[in-house]
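Welcome, and please get your viewer ready. We will go from selection to selection, with a short note on what to look for at each stop.

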Amino acid sequence: MGITGSGKSTFISHLSEVDVEVGHTLESCTQEIAIYPALVGNGKRIFLMDTPGFDDPNVSDAMTLKKIATKLGETRAKGVLLSGLVYLHRISDNRLSGVARKNLRMFKALCGEKAMENVALATTFWDQEDGKVGVGRESELCKIDTLWKSMKKRDSVFRHDDGKHTARAIIEFLVNKNSKVETDIVTEMRDGSTKLEQTTAGREVETLLAGVMKELADTRKELDVRKREALATQNKEELEEIRMERAELEQKTDRSQKDLQLLQMNNVQLAEQLRDQREKMADNARTIQVLEDRERKREKRIWRKYNPFRTPLNEREWFDRK
Ligand SMILES: Nc1nc2c(ncn2[C@@H]2O[C@H](COP(=O)(O)OP(=O)(O)O)[C@@H](O)[C@H]2O)c(=O)[nH]1
Ligand SMILES: [Mg+2]
């Protein structure tokens, strides 16, 4: 885990046996969280889960939490426990931004104290920073942030500054613990009736959402006052401006309401929704296939029409032509 652009996908690409999509700005828009197979140590097979950060302008925190909770829940339902969790942070960032703090808070809330035994925190982008400055920043980080501080005490803070080698070392550190963990979000939702909003991570998102809703309500009041004044003075320009701001406000309110609804979901509903999504995707794939076949037949008919002396058309020839 970690903020978008901290190097999560790149980290995985150092170990994965299949291609990983790196640097995709809309990564979190991907419907599902990707899992990549990799080999470590003496041929031990592991699976790496690439999660989105809680900072994508196109995906709400509630949606990101829902995706992570769904995937972790599904994995656990198959009987798979985690060997560990890795949190990445760019050492080149000169301060712990609001977004970085939020991601750290969410990470802590999702994992829970028990899972911390199998957590590794690692800094990336060492090539983008002067070595001394980086070292200073790393020790500062381990002083100002409680999670980094406690992980440092457990010797679980790493520098990911040597591509494949450090990625491997970090993963092997976790795998070699030979213990498995379950995250709090999974434990908390296991009974099937607990809603996302009742989990520690869900409460974090709900608090953020409550802040957004409060701002929206304040803006609504301000707009009402401005509208009364504009109506009194018949200020048409101002009224038009207010109309547009109001439309934007309604959209944001609508999105927040949807986020609140997401937080109402429990494990069973998350799994059902995932199944529905997959069925829909399979349906779409089948429709595309039918349309492609139809288009191919049409092209074939046209080809035959303009090549009347070259029949029968052999399939090989058709494929070569394409
Ligand atoms: N200079 C530098 N670039 C990196 C490093 N790690 C990742 N990148 C680049 O940063 C961008 C975002 O990386 P990505 O792995 O997609 O980040 P994610 O959003 O956390 O998955 C990509 O262009 C990567 O090539 C690093 O350690 N140093
Ligand atoms: Mg990524």
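Start by selecting strand 4 (residues 119-124) together with strand 5: the two run parallel and are joined over 3 bridges. Keep in mind as you look that this is a predicted model. On this pair, pick out Ala122, which stands opposite Phe158 in strand 5.

Next, select ligand 1 and the 15 residues around it; Gly7, Lys8, Ser9, Thr10 and Gly23 come nearest. Which helix gives the most to the shell around ligand 1? That is helix 1 (residues 8-13), with 3 residues. Colour the shell by class and you get 10 polar, 3 charged and 2 nonpolar residues.

Then move to helix 10, residues 267-306. With 40 residues at 1.5 Å a residue, helix 10 should span 58 Å, and its end C-alpha atoms lie 59 Å apart, so the two values agree. Is helix 10 well covered or hardly covered? Helix 10 is hardly covered, as 2 of its 40 residues are buried.

Finally, zoom out and colour by domain. The assignment gives domain 1 (8-189), domain 2 (196-262) and domain 3 (267-321). Between the centres of domain 2 and domain 3, taken over C-alpha atoms, there are 45 Å.

Key:
Residues numbered from 1 in each chain as written. Chains lettered and ligands numbered in written order. Predicted model: local features only at pLDDT ≥ 70, side-chain atom pairs only at ≥ 80, totals over all residues. Domains from an automatic or database assignment. Near = placed C-beta within 6 Å. Helix = DSSP H or I, 4+ residues; strand = E, 2+ residues; numbered from the N terminus. Nonpolar A, V, L, I, M, F, W, Y, C, P; charged D, E, K, R; others polar. Expected span 1.5 Å × (residues − 1). Buried ≥ 20, exposed ≤ 12 C-beta atoms within 10 Å, placed from the backbone. Pairing = 2+ DSSP bridges.
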